[in-house]
Amino acid sequence: MTLGIELLLAADIAVAAADSRFAQSEVRRGIYPFGGATLRFPRVAGWCNAMRWVLTGDEFDAAEAYRLGLIQQVATDRADALDSAMRLAETITTKSAPLGVQATLRSATVAATQGDDAAIARLHPDIAALFGTADCAEGMASFVERREAQFTGR
């Protein structure tokens, strides 16, 4: 259960089945979450929400994980969770420009790990580089022409 939360906290997007159970139960074993939950859980869920679960080791369900922001979607069952996750991945890989996705993840990661000022410093150079790509030209053309873009990652 504890590793599941650590994986959720390391994921960009997470989907879980409605019957999923979660717990950060290290305190019940005489240790503490040393995989990063003491760092990331409060950032994602807020201090008091995280401490409620990290300090008690109590179990919680998918609805609570959703409320806390640990998961972004609750699926009806495990098969639906996998299907939903695959649909999200397919949307990202087929409808979003690869270079735009990479730049978005990089910017968000810099903001989260180095602070807003570091991410802000990269905004103009990064967007200028993206404006010079074939994917940007295709994205703009597809918008004007009211059609789906065909990105190539260049």
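Reader: Before we look at the helix pair, what are the axes here, and between which directions do the angles run?
Author: Axes are lines fitted to C-alpha atoms, for helices over the stretch in contact. The angles run from 0 to 180 degrees, taken between N-to-C directions.

Reader: Thanks! How do the axes of α6 and α7 run relative to each other: roughly parallel or roughly antiparallel?
Author: Keep in mind that this model is predicted. The axes of α6 and helix α7 (residues 116-131) come within 8 Å and cross at roughly 165 degrees. Angles over 145 degrees count as roughly antiparallel, so the two helices are roughly antiparallel.

Reader: Which residues of α7 does α6 meet, and how do the residues of the contact divide?
Author: From α6, Leu99, Gly100, Ala103, Ser107, Val110, Ala111 and Gln114 take part, and they meet Asp116, Ala118, Ala119, Leu123 and Leu130 in α7. The residues of this contact divide into eight nonpolar, three polar and one charged.

Reader: How far apart are the end C-alpha atoms of α6, and what span should its residues give?
Author: Helix α6 covers residues 98-114, which is 17 residues. At 1.5 Å a residue, they should span 24 Å. That agrees with the distance between the end C-alpha atoms, 23 Å.

Reader: Which residue follows α6, and what is its phi?
Author: The helix is followed by Gly115. Its phi is positive, near 105 degrees.

Reader: Which residue has a positive phi although it is not a glycine, and is it buried or exposed?
Author: Most residues other than glycine have a negative phi. In the segment after α8 (134-144), Arg146 has a positive phi of about 55 degrees. With a relative accessible area of 79%, Arg146 is exposed.

Methods: Residues are numbered from 1 along each chain as its sequence is written. This is a predicted model: local features need pLDDT of at least 70, side-chain atom pairs count only at pLDDT 80 or more; totals for chains, interfaces and linings use all residues. Side-chain values use heavy atoms; hydrogens and water are left out. Helices (H or I, at least four residues) and strands (E, at least two) are DSSP runs, numbered from the N terminus. The expected span of a helix is 1.5 Å times one less than its number of residues. Buried means under 20% relative accessible area, exposed over 50%, partly exposed in between (1.4 Å probe, protein chains only). Angles under 35 degrees count as roughly parallel, over 145 as roughly antiparallel, 65 to 115 as roughly perpendicular and the rest as oblique. Contact means heavy atoms within 4.5 Å. Ala, Val, Leu, Ile, Met, Phe, Trp, Tyr, Cys and Pro count as nonpolar, Asp, Glu, Lys and Arg as charged, and the others, Gly among them, as polar.
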